[in-house]
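Morning, everyone. I have one model to walk through today. Let me put it up.

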Amino acid sequence: MSLWVFLTYSFLGFLLELGYAYLTHSSKPDRKCLLVLPLCPVYGLAALGIVALPGGIANDPLLLFLCGGGVAVAAEYAVGFFTRHALGVDFWDYSDIKGNVDGLICPLFALFWGALAVAGRLWLHPLLAPHLAALPGWLGGAAAAALAADFVASNLLLRRRRNAACLRWYDAFLQPL
């Protein structure tokens with residue numbers, strides 16, 4: 001089920017990022033990170049960590065806010081560090097926000113991560129988990145193969161171009177009619 005948690009929350013994160021970029025008129029709508037697929041792996045990795053938190057933390061909203069937010073911030077920093085140093089690409093930049101660390105994490109978005117951790121673990125995940133568990137095993141193998149192929153292709157694109165714009169297949173959908 002871990003693969004489905006990763007994929008589901010990565011996709012939901014992609015939608016959240018598109019919405020955020022649209023509402024804030026962001027000049028960087030491509031913060032989905034490594035993948036050509038409509039996925040934002042930061043959210044998938046964060047969700048895996050948050051879902052794995054022990055019950056004592058997961059059942060206490062304050063502890064979940066703090067620990068879940070911490071897990072998500074760690075995932076955000078790790079992915080940002082990897083993309084910056086291994087691929088030469090920054091997908092987000094918090095340099096202009098007070099208290100940031102290397103422009104990759106900041107206190108303001110740590111608060112958002114904490115709120116997402118609580119909402120995701122206490123309300124969303126209990127609704128999704130039974131559906132994810134019911135998916136057939138063969139479908140997981142196909143999804144893993146597609147994800148692996150996309151990861152390799154996206155890494156090659158990013159290493160060669162050193163520009164996240166090479167992943168923006170969805171730009172045409174964001175243009176006004």
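Phenylalanine 109 and phenylalanine 112 both sit in helix α5, three residues apart, which is about one turn of the helix. Helices here are DSSP runs of H or I, at least four residues, and strands are runs of E, at least two, numbered from the N terminus.

Ground rules, quickly. This is a predicted model, where local features need pLDDT of at least 70, side-chain atom pairs count only at pLDDT 80 or more, and totals for chains, interfaces and linings use all residues. Residues are numbered from 1 along each chain as its sequence is written, and side-chain values use heavy atoms, with hydrogens and water left out.

Now the aromatics. The structure holds five aromatic pairs. Rings of Phe, Tyr and Trp (its six-membered ring) pair if their centres lie within 6.5 Å; planes under 30 degrees apart are stacked, over 60 edge-to-face, and the rest tilted. Tyrosine 20 and phenylalanine 109 have ring centres 6.1 Å apart and planes at 85°, so that pair is edge-to-face. Tyrosine 20 lies in helix α1 and phenylalanine 109 in helix α5, so the pair ties together parts 89 residues apart in sequence. Phenylalanine 109 also pairs edge-to-face with phenylalanine 112, at 5.2 Å centre to centre and 85° between the planes. Ring pairs link Tyr20, Tyr94, Phe109 and Phe112 into a cluster.

How buried are these rings? I call a residue buried under 20% relative accessible area, exposed over 50%, and partly exposed in between, with a 1.4 Å probe and protein chains only. Phenylalanine 109 is buried at 14%. Tyrosine 20 is partly exposed at 33%, and phenylalanine 112 is partly exposed at 43%.

Stay on α5. The helix covers residues 107–133 and bends by about 55° at histidine 125. That bend is the angle between axes fitted to the seven residues ending there and the seven starting there. A proline, proline 126, follows within four residues. Buried residues of α5 include Trp113, Gly114, Arg121 and His125. Their cover includes α1 (2–24), α2 (41–51), α3 (55–58) and α4 (61–87).

Look at the backbone oxygens instead. A polar atom of the arginine 121 side chain lies 2.7 Å from that of isoleucine 50.

Over to α1. Leucine 7 lies in that helix, and counts as buried at 13% relative accessibility. Leucine 7 and proline 41 are 34 residues apart in sequence, with C-alphas 8.0 Å apart in space.

Last, two loop residues. Most residues other than glycine have a negative phi. Aspartate 102 has a positive phi of about 55°. It is found in the loop between α4 and α5, partly exposed at 45%. Arginine 162 has a phi near 50°. Arginine 162 lies in the loop between α6 (137–161) and α7 (171–174), and is partly exposed at 48%.

That's my tour. Over to you.

Notes. Contact = heavy atoms within 4.5 Å. Polar contact = N/O pair within 3.5 Å; in protein donor to acceptor, adjacent residues only side chain to side chain.
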